[in-house]
Amino acid sequence: MKTLQQLTVIALGMVSAMFFAAQALAQSAKLPQARNVVLVHGAWADGSSWSEVVARLQAAGLHVTAVQNPLTSLADSVAATRRALALQDGPTVLVAHSWGGTVISETGTDPKVTALVYVAARAPDAAEDFVALSGKFPTMPVRAGVQEHDGYTYLSEDAFLKYFANGVSREKAQVLYAEQEPTAASLFGGRTSAAAWRSKPSWYAVSKLDLTISPDLERFLAARMKATTVELDAGHLSLVSHAQEITELILAAAGRGN
């Protein structure tokens, strides 16, 4: 027989699950149904990192664009995303992974954007020193594998496979490693002039096994933006290892959730 304490924990868990489900339904009900999704990748990656999610969103009837972030500066990446948004026809969900969250926090104020989705992503406030904020949380193992050459950073193969892509099959992780895009060393210090999550409905997928961004930092960011939040048993690349769950989160933000 279960003890009173165990029953209490189970009951609280059920109440919490019901609350977040109700929150998600209420938030979705207020949204116009979007037919466009713009996906923004993070550092040490390119648009192909979204391939598993793209196929699922297209199968659901959505028009999908994966931005090819130059990763040369915040301004350049913002410009690339704004060009993609300019091509969208009607309500659009803007989605980001990792450092890409900085980009959508800046560009998400676009009137076409009806919702924001952050996947193990940064979510800076306007003009916030995000490096200083991150310093209040544990330094993750991937940091030791960052290598710099001629002003650009790369992840070593060992760090990429072991920490950045933990939870992804080795074969897929090796492909992603080969496709990683050089990232300007100055990129991470860039500050936004806006925080779109303060005015747009937001969703957040926390990666509980993340070894690149502290899961506690992710939880802090999700709570600060009052996002509808899910926690996944995933490493940093949940968009690859848990593509179905990420797709479902995006569909909810698009007003197409069950």
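Predicted model: local features only at pLDDT ≥ 70, side-chain atom pairs only at ≥ 80, totals over all residues.
Local features are reported at pLDDT of at least 70 and side-chain atom pairs only at pLDDT 80 or more, whereas totals for chains, interfaces and linings use all residues. Residues are numbered from 1 along each chain as its sequence is written, and side-chain values use heavy atoms, with hydrogens and water left out.

Six strands form an open sheet with parallel pairing, in the order β2-β1-β3-β4-β8-β9. Here, strands (E, at least two residues) and helices (H or I, at least four) are DSSP runs numbered from the N terminus, and two strands pair if DSSP finds at least two bridges between them. The edges are β2 (63–67) and β9 (228–232), each of which pairs on one side only. On average, neighbouring strands of this sheet are turned by 15° against each other, direction ignored; the axes are lines fitted to C-alpha atoms, and angles run from 0 to 180 degrees between N-to-C directions. Strand β1 (residues 36–40) pairs with β2 in the parallel sense over five bridges, and Val37 stands opposite Val64 in β2.

Strand β4 (residues 113–119) is largely enclosed by the rest of the structure, because seven of its seven residues are buried, that is, under 20% relative accessible area with a 1.4 Å probe, protein chains only. Strand β3 (residues 92–97) pairs with β4 in the parallel sense over six bridges, and Leu94 has Leu116 as its bridge partner in β4. Four bridges join β4 in the parallel sense to strand β8 (residues 202–207), where Trp203 stands opposite Val117.

The largest cavity has a volume of about 70 Å³, and its lining includes Trp44, Phe160 and Glu179. Helices α6 (157–164) and α7 (170–179) each supply at least two residues of that lining.

The largest pocket holds about 550 Å³ of space. Of its 23 lining residues, Arg122, Ser134, Arg143, Phe188 and Thr212 lie nearest its centre.

Conventions: Buried < 20%, exposed > 50% of the residue type's maximum accessible area, 1.4 Å probe, protein only. 1 Å grid on protein atoms, 1.4 Å probe; cavity = no way out; pocket = protein on both sides within 12 Å on 5 of 7 lines; lining within 4 Å. Points joined across faces, edges and corners; volume = space filled by probe spheres on them.
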